[in-house]
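Subject: Model for you to look at

Hi,

Here is the model I said I would pass on. Please open it alongside this note; my findings follow below.

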Amino acid sequence: MDYITVEEAIDAGGLRLVLTAGVPGPWGEAAKYILQHKGIEFLPVHQEGGGENAALQQWTGQNSAPVLVYEDLPPISHWLDLLMFAERHRPEPVLVPLDSRLRTTTLGLSALIAGVDGLGWNRRLQMLAPIMAMDEPVPAYARMALKYGWSVEAHDAASQRLGSILAELDRQLQIQSQRGSEYFVGDALSAADLYWASFSGMFKPLPQDLNPVPDFLRQTYSSAPAEVMAAFTPALEAHRDRIFERYIRLPLDY
């Protein structure tokens with residue numbers, strides 16, 4: 001992906017999306033999938049994972065990714081704000097159904113995956129554990145740990161939380177399968193499907209030819225405890241594969 005710098009982005013117009021360069025960060029990848037599925041063009045802006053990113057902090061008020069900036073509107077970074085911006089900016093194709101029941105299910109499942117204390121959040125706590133066990137943790141990762149609430153207690157609770165979330169996602173797929181649907185909600189692609197595709201890589205990344213993730217990160221992503229991976233069911237994996245094959249540009253480019 002051809003990134004521009006923060007300094008270049010400040011002077012650019014249109015829609016700019018700040019992404020962690022060189023790695024498939026799940027929150028950023030999900031934002032990309034949503035915009036790309038809707039055909040919304042954006043300029044990718046370089047962010048260094050775990051870095052100080054002082055220029056980004058000054059411009060957007062934070063140093064992490066993703067951040068979406070459209071024209072002169074205030075920057076947005078929360079997963080739900082990013083999703084709803086895309087829905088307002090280009091209503092079709094719909095990713096958050098207008099039907100209230102389906103809408104509630106879509107946003108609830110998406111929050112289980114991408115929200116605070118959700119799937120990605122707890123998996124990140126696990127991935128930070130080996131670094132935080134060092135006598136002198138790497139500063140970039142220590143900053144991340146502080147920012148995202150890492151503690152021994154939070155880490156110890158993560159596996160149970162992850163198992164519970166994966167079980168709920170699997171249960172929803174089984175319910176949908178019984179009514180003849182291959183999607184998490186209703187009979188069409190929704191944001192929940194794209195979030196699952198993105199965040200599933202934190203447990204079992206796609207093969208290297210489809211997802212050329214750096215070796216160190218592939219090893220980290222693939223290190224979930226056995227009790228967690230036991231909840232990563234064949235149905236969840238098959239669903240991930242369907243969504244990538246049908247809706248997401250492959251191989252991944254980041």
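Ser100, Arg101 and Thr104 are exposed, on the face of H5 turned away from its buried side. Keep in mind throughout that this is a predicted model.

The buried residues of H5 are Thr106, Leu109, Ser110, Ile113 and Ala114. Looking down the helix axis, these buried residues fall within an arc of 115°, so they line one face of H5. Their cover includes helix H2 (26-37), helix H4 (79-89), helix H6 (119-132), H8 and H9.

H5 itself runs over residues 100-114, 15 residues in total. From first C-alpha to last it reaches 21 Å, close to the 21 Å expected at 1.5 Å a residue. At its start, a side-chain oxygen of Asp99 comes to within 3.1 Å of the backbone nitrogen of Arg101.

**The nonpolar cores**

The largest nonpolar core has 59 residues. Which of them touch the most other members? They are Leu119, Phe184, Tyr195, Trp196, Phe199 and Phe203. H9 supplies the largest share of this core, with seven residues.

Trp196 deserves a look on screen. Leaving aside neighbours within four places in sequence, its contacts are Ile113, Leu119, Leu166, Leu169, Phe184, Phe232, Leu236, His239 and Arg240. Ile113 in that list is one of the buried residues of H5.

In general, nonpolar side chains tend to be buried together in soluble globular proteins.

Ser181 sits in the loop between helix H8 (152-178) and helix H9 (191-199). Its relative accessibility is 7%, under the 20% cut-off, so Ser181 counts as buried. Its side chain reaches the backbone nitrogen of Tyr183 at 3.1 Å. Beyond its neighbours within four places in sequence, Ser181 is in contact with Gln176, Gly186 and Asp187.

Ile243 belongs to helix H12 (residues 234-247). At 1% relative accessibility, Ile243 is buried too. Which residues does Ile243 touch, not counting those up to four places away in sequence? They are Tyr183, Leu189, Asp193, Leu194, Ala197 and Ile248. Tyr183 is also the residue whose backbone nitrogen the Ser181 side chain reaches. As for Asp135, 108 residues from Ile243 along the chain, the two C-alpha atoms are separated by 42 Å.

**Backbone points to check**

Most residues other than glycine have a negative phi, and most peptide bonds are trans.

- Ala65 to Pro66: the peptide bond is cis, with omega near 5°. Pro66 lies in the loop between helix H3 (54-60) and strand S3 (67-70).
- Leu250 to Pro251: this peptide bond is cis, with omega near -5°. Pro251 is in the segment after H12.
- Asn53: phi is positive, about 50°, although the residue is not a glycine. Asn53 is in the loop between strand S2 (43-47) and H3. It is buried, with a relative accessible area of 15%.
- Asp117: phi is positive, about 65°, and this residue is not a glycine either. Asp117 lies in the loop between H5 and H6. At 37% relative accessibility, Asp117 counts as partly exposed.

Best wishes

Methods
Residues are numbered from 1 along each chain as its sequence is written. This is a predicted model: local features need pLDDT of at least 70, side-chain atom pairs count only at pLDDT 80 or more; totals for chains, interfaces and linings use all residues. Side-chain values use heavy atoms; hydrogens and water are left out. Helices (H or I, at least four residues) and strands (E, at least two) are DSSP runs, numbered from the N terminus. Buried means under 20% relative accessible area, exposed over 50%, partly exposed in between (1.4 Å probe, protein chains only). A polar contact is a pair of N or O atoms within 3.5 Å; within protein, one must be able to donate a hydrogen and the other to accept it, and residues adjacent in sequence count only if both atoms are side-chain atoms. Contact means heavy atoms within 4.5 Å. A nonpolar core is a set of buried Ala, Val, Leu, Ile, Met, Phe, Trp, Tyr and Cys residues joined through side-chain atoms within 4.5 Å. The expected span of a helix is 1.5 Å times one less than its number of residues. The arc is that of the directions from the helix axis to the C-beta atoms.
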